[in-house]
Amino acid sequence: MKLFYEKYIKLAHIGKGANAHVYKVRHAELGYVRAIKILNDYIENKSERTYQSFLKECKTLLAIGNGSHPNIVRIYGPDLIDNRAIVEMDYIQGVTLDSYIKKKGYLDYDEVKAFIHDIVGALAYTHHDIYKFLMNPEEDDLETDPNDGQKFLITPEKEAELVKKYGIAHNDLHSNNVMRRDYDGSFVLLDFGLAVQDGECIKSSRKSDGSPEYKAPEKFDSGDITPRSDVYSLGVLIFEALTGRPPFVLEIGTDGKASYPSLDKICKEHHTLAPPEILPLRKKAFERQIPGAVYERDYPEWLDDVVMKCLEKKPEDRYSDAKELLDEINWHISHDRQDPPPPPSSPVDDPGEPKPKNNKKKLLFTAASCVILMATVLYYILPLGKDKHDYIPVTDINFPNTEYSLNIGDSIEIVPTIYPTNASDSIIILTSSNPEIASVKGNTIIANKSGEIILTASTKNASIHSSVHVIISDIGNNLDDTETVSDDKSLDKHSQILPKDNGDYNKPKKPKKTEAQRPDSETKPIVPSKKKLTQSNSAKSVLELSYGTWYGAVKNGKRHGKGKLVFSSSHKVDQNSDIEANPGDYFEAVYENGQLVNGTLYDNSGNKKRTIIP
């Protein structure tokens, strides 16, 4: 078996960002499963600036890992393999907080408390408590406790000094940097790539970067980044968990990007506007999830005040760090009434008794009542020809994935499922928020241009709906003058790929060296040859490209223009050579009405295996 970057077995491609790809892998020799992050940059040696910057980030994460905090992702063994910077990290089976909130609409109060415990707790560790694991007794001039030689005498002044020296601000908190584990619902903090320690940022040139919706006002002004900046971002995250959206929403254009006016607008909002009230937005999110239901407060009022203090414009008006924030929240939680009384039987409040706190049970009771009411209404409006007693309402719609990434020209069939599975209204309608970017035909999504859409699934009567995020990328697979696009697998079976004229299959003509062949440059599209292919050429060789999907354009039922064939199983690709394609390998080619102009076979890591030029 061919190894992935010398020592791994690739299990899955988890995701990609602007600078790196992340894969789920198994160590071939030791058998453990982890994620690996692979930088896109081609690096000649470990002395290069890019690798040193990467190593600096890894050293910070390794230092954070000294405390083994359960809610911070841990990394292991950064290295340079095949001219790529690679680092192992814990593999987390779960979804991002962003995807989870988009699916649920908002978090139940119990989950909000879990999020606070896990993520605010993780930041309390990096902001404050981490000094206990990083301090150096000699370097920091610590005095041993005479009554216990294993401890040190640390005054409040000394503690403040150590916290300032060793405390780490994350500096890039947002809902895509938080994962929710599937198996226990706990939350894990990711990506300390912009972390700040003792006033110094790992990547100083990007000190004020971060997602605009979560940035503290001082970050827009390139001011000092401190734990108070993280406290602001934590306030945004708790606000989002409660309402399903951040306080100030960045407007995204049809091209999937934020315009300069929209960035300027959100900057002004963070500086000047008071955040909207949480309760009305949570009520709206609840009623959107359960149409017809009546929402009543299901979380404590003090949490509103805590969040608004986090979102103060001036850093000095916020909590000093996540530890102070966590301490206040824990104090409130410990003083909350653990067993609030049931709701009064009469709709009229007794003025002589204090109004009981609303609670989740009451909310669920109300929601259940509304579902029953909806079912009752449907009972009477069903056609007379159908047994109304057999009607079962839909309560939820689930997508197979929480997010989809496609390339222009791709099409994918997405079949959501309903709950319960025996519901009467089983017809699901898919709708694209922007058909110009991605159109919908039944269950098939067709990627037309780069950008982002929200794909919504609703029942026939539109009483229940769900949605996911779809990202369309442009990798230059198709020509502009093609008629249709397809991923029909029947196109792949026994497709003819023509070799060069002399029939020498094992020694293809060496192409001229271009920038497209250099690993450290952006890949340029292949320019179609004007050479006419003859029928005698077509009889010389057949590549058995039967087990893959063509991502590109077709004309008159034949492959046409630039495209890519991605293999899904292992097999020999050429009956006249020993070249074998593995799952994930791909063949980039240019066709003219079904005839090959030129093409190159790559392995699943992007390394060239063979060039075919007729």
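**Helix contact.** On the α7 side I listed Val 231, Tyr 232, Gly 235, Ile 238, Phe 239 and Leu 242. On the α10 side they meet Leu 303, Val 307, Met 308 and Cys 310. I then sorted the residues of this contact by type: nine are nonpolar, one is polar and none is charged.

**Helix geometry.** Next I looked up how the two helices lie. Helix α7 covers residues 227-243, and helix α10 covers residues 301-310. Their axes come within 7 Å and cross at roughly 140 degrees. Angles over 145 degrees would count as roughly antiparallel. I therefore noted α7 as oblique to α10. The crossing of α7 past α10 is left-handed.

**Aromatic pairs.** I counted ring pairs with centres within 6.5 Å. The count comes to six aromatic pairs. I looked at one of them, Phe 115 with Phe 187. The ring centres are 5.6 Å apart and the planes stand at 85 degrees, so I logged the pair as edge-to-face. Phe 115 sits in helix α3 (residues 109-129), while Phe 187 is in strand β11 (residues 187-189).

**Confidence.** Last, I checked pLDDT. The chain averages 75, and 70% of the residues score at least 70. Residues 377-389 stay under 50, and the model gives them eight contacts beyond four places in sequence. Residues 476-547 are also below 50. That stretch has 147 contacts in the model beyond near neighbours in sequence. Where pLDDT is low, the predicted coordinates should not be read in detail.

Key. Residues are numbered from 1 along each chain as its sequence is written. This is a predicted model: local features need pLDDT of at least 70, side-chain atom pairs count only at pLDDT 80 or more; totals for chains, interfaces and linings use all residues. Side-chain values use heavy atoms; hydrogens and water are left out. Axes are lines fitted to C-alpha atoms, for helices over the stretch in contact, and angles run from 0 to 180 degrees between N-to-C directions. Helices (H or I, at least four residues) and strands (E, at least two) are DSSP runs, numbered from the N terminus. Angles under 35 degrees count as roughly parallel, over 145 as roughly antiparallel, 65 to 115 as roughly perpendicular and the rest as oblique. A crossing is left-handed if the near helix is turned anticlockwise from the far one by less than a right angle, and right-handed if clockwise. Contact means heavy atoms within 4.5 Å. Ala, Val, Leu, Ile, Met, Phe, Trp, Tyr, Cys and Pro count as nonpolar, Asp, Glu, Lys and Arg as charged, and the others, Gly among them, as polar. pLDDT is the predictor's confidence in each residue, from 0 to 100. Rings of Phe, Tyr and Trp (its six-membered ring) pair if their centres lie within 6.5 Å; planes under 30 degrees apart count as stacked, over 60 as edge-to-face and the rest as tilted.
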